[in-house]
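Please walk through this structure one part at a time.

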Amino acid sequence: MKYLLALAVRSAWNRKLTLGLTLMSIALSVALLIGVERVRQDAQDSFSQSVSGTDLVVGARTSPVQLMLYAVFHIGDATNNIHWQTYKDIAANPAVAWTIPVSMGDSHHGFPVVGTTTDYFEHFHYGESQPLTFSDGKPFSGLFDAVIGAEVAQQLGYHLGDRITLSHGMGGIGLTEHADKPFTVVGILARTGTPVDRTVHVSLEAIEAIHLDWQGGAKIPGFSIPAEYVGKFDLTPKEVTAILVGLQSRAGVFRMQRYVNEYHAEPLLAVLPGVALDQLWQVVGVAERALLAVSGMVVVVGLCGLVAVILASLNERRRELAILRSVGARPMDVFLLLSAEGLFITLSGTLIGMALLTALTASLVPLIQSHYGLTIIPRFISYDELGLLGIVMGVSLLASLAPGYSAYKLSLSDGLTPRI
Amino acid sequence: MQSKRAFYSIGLMLLLIVVQPTTAFSVPTIVSDYKVGDRLQQQQQHSSGAKSTFKQVTWDDLVPKGWDPMKGFKKLNLSKLKDSDPRAQEALQQMREAWNNAPVEPKMDGARIRIPGFIVPLEVVRHQITEFLLVPYFGGCIHVPPPPSNQIIHVFPMKPLTDMQSMDAVWISGKLETYPSDTSMGSASYRMKAEVVEPYKPDEN
């Protein structure tokens with residue numbers, strides 16, 4: 001048996017170019033398959049990490065998934081705002097323990113700006129009920145104070161005391177700046193791995209203040225209210241975009257949801273974050289499965305290539321195998337020789353693929369994080385992926401039986417008789 | 001001879017391609033067999049083995065014996081009232097409030113029970129549900145008010161649930177705790193630290 005393995009390795013080395021190429025195709029296809037699976041899992045994880053302890057998300061009537069997306073993940077736009085009086089009514093409900101109003105629509109260098117209250121820093125939780133912590137500074141207290149997420153601070157190189165200006169709308173570099181009313185960075189939040197990292201937080205009153213001279217939908221030339229005079233105006237918020245609600249008793253969530261959905265003064269929607277996220281996975285799941293199926297097929301193509309290469313080599317190895325048989329190798333030994341070769345190539349291809357993927361994710365993590373806000377954790381292999389790799393190995397075992405069987409059927413005389 | 005061998009090999013490869021996507025890449029389907037409003041079948045019968053320490057109960061057992069939300073309007077002859085009658089409107093309102101303040105069955109406090117229901121996830125961390133509500137019927141039915149508080153169990157599974165999503169049907173087993181409505185927690189409620197959460201199978205028992 002030992003000799004047989006040594007022979008298999010040497011014989012394979014003799015055909016290193018073709019086998020090497022097959023090895024690469026298997027490595028790449030395994031890397032693709034596991035990569036797709038990994039991105040899918042990490043995307044879902046970072047989504048479900050983003051909110052914890054919030055019982056209901058309340059906003060203008062829209063689809064539950066869309067409400068979740070814009071209120072918690074800051075993806076897409078709100079369909080409508082809700083009135084301040086509505087917020088006060090919901091906050092005053094005896095079943096409600098705490099509320100976080102959020103007001104959206106402005107940005108700073110592509111990072112979303114969220115107007116909120118200091119309740120945000122107290123009640124907002126993520127991951128496994130972890131509260132927000134400050135790596136530097138404190139919550140906003142003045143009108144033009146801003147608290148920035150870790151990613152904003154890192155990418156734009158901001159420190160405490162820096163002056164920043166907000167842009168109207170959600171452009172990259174907004175041409176319509178609120179340049180006349182700069183903000184001061186008073187706090188930087190510790191990294192969370194959630195959309196909070198990419199957010200600039202200001203007070204609700206500040207959102208009112210910067211829009212005082214925007215009543216026409218655009219800045220009116222010649223009409224502007226300097227920052228030092230905005231204090232003279234009534235800065236009570238008139239609208240908010242969404243409300244995160246925490247309840248006294250979580251079992252009362254359906255009744256509160258009913259109350260919000262039937263709220264008489266304006267059409268509202270309340271969603272349970274866990275349920276809305278499940279709905280999101282169901283929508284995204286179709287595309288995910290398609291992607292996984294495609295990468296599965298790529299693996300099949302890779303394995304077919306492997307089988308084809310070994311089968312094709314059978315012809316040139318006719319002599320080699322016949323000589324082996326003539327010195328005493330049984331048909332079974334020849335069968336094992338060829339099967340082992342196929343299995344060995346898939347095994348090393350899988351290992352190389354995983355190493356490739358690990359190296360790739362490790363080097364691309366910062367890029368993915370900053371461009372897509374997606375946290376991918378570099379790791380060599382995880383428990384869930386073992387199943388997928390096991391399937392690949394099982395199929396490759398079956399596939400490598402084919403050339404083994406063909407070689408098994410070759411008779412001794414067949415290889416030793418020269419054919420013209 | 002040669003062509004026959006090649007034929008077998010190609011056949012084997014094709015078989016792999018055909019078989020593989022269906023077996024290896026079959027993923028759980030999202031289509032549920034339940035329709036909105038469905039309740040789970042439950043036989044009043046004690047199962048054997050490890051489950052026997054838990055008494056199997058129905059959702060009706062969670063409603064106190066003798067509690068009647070219609071008690072307030074026994075004297076009203078409802079069949080004589082028209083829909084537009086203000087007294088009918090008032091009665092409906094009262095009944096809704098009675099349901100809202102539905103009491104819990106005090107005898108159930110500390111009972112070790114086993115009950116089937118549907119999951120509404122509250123806390124999901126890394127695909128694992130660590131906290132959820134168990135409700136008696138499937139789907140959020142928006143035509144009628146939600147289940148009253150004595151038909152909801154707030155569950156903290158001892159081991160986080162994997163591979164479960166909203167409205168999956170499960171059996172939960174554990175010690176039930178009651179919180180009457182006079183506590184600071186607001187309305188009355190049931191809570192459970194579930195020792196066992198297992199997928200619901202209709203042919204069980």
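The crossing of α2(A) and α12(A) is right-handed; a crossing is right-handed if the near helix is turned clockwise from the far one by less than a right angle, and left-handed if anticlockwise. Helices (H or I, at least four residues) and strands (E, at least two) are DSSP runs, numbered from the N terminus. This is a predicted model, in which local features need pLDDT of at least 70 and side-chain atom pairs count only at pLDDT 80 or more, while totals for chains, interfaces and linings use all residues. Residues are numbered from 1 along each chain as its sequence is written, and chains are lettered from A and ligands numbered from 1 in the order in which they are written.

Helix α2 covers residues 16-49 of chain A and helix α12 residues 383-409; they pack at an angle of about 150°, with axes 11 Å apart. Axes are lines fitted to C-alpha atoms, for helices over the stretch in contact, and angles run from 0 to 180 degrees between N-to-C directions. The two helices are therefore roughly antiparallel, a term for angles over 145 degrees. On the α2(A) side, Val30(A), Leu33(A), Ile34(A) and Glu37(A) meet Glu385(A), Leu388(A) and Val392(A) of α12(A). Contact here is between C-beta atoms, placed from the backbone, within 7 Å.

The largest nonpolar core has 99 residues, and Leu56(A), Val271(A) and Ile172(B) are among those with the most contacts inside it. Such a core is a set of buried Ala, Val, Leu, Ile, Met, Phe, Trp, Tyr and Cys residues joined through C-beta atoms within 7 Å. A residue is buried if 20 or more other C-beta atoms lie within 10 Å of its own, exposed if 12 or fewer, and partly exposed in between. Strand β2 of chain B (residues 112-125) gives this core its largest share, seven residues. A second, separate core of 28 residues includes Ile26(A) and Leu337(A).

Chain B has two helices and six strands, in the order α-β-α-β-β-β-β-β from the N terminus. Of its 205 residues, 29% are buried.

Most residues other than glycine have a negative phi. His109(A), not a glycine, has a positive phi of about 50°. His109(A) is in the loop between β3 (96-108) and β4 (111-116) of chain A, and is partly exposed, with 16 C-beta neighbours inside 10 Å. Ser129(A) also has a positive phi, near 55°. Ser129(A) lies in the loop between β5 (125-126) and β6 (130-131) of chain A and is exposed, with 12 other C-beta atoms within 10 Å.

Conventions:
Angles under 35 degrees count as roughly parallel, over 145 as roughly antiparallel, 65 to 115 as roughly perpendicular and the rest as oblique. Two residues are in contact if their C-beta atoms, placed from the backbone, lie within 7 Å.
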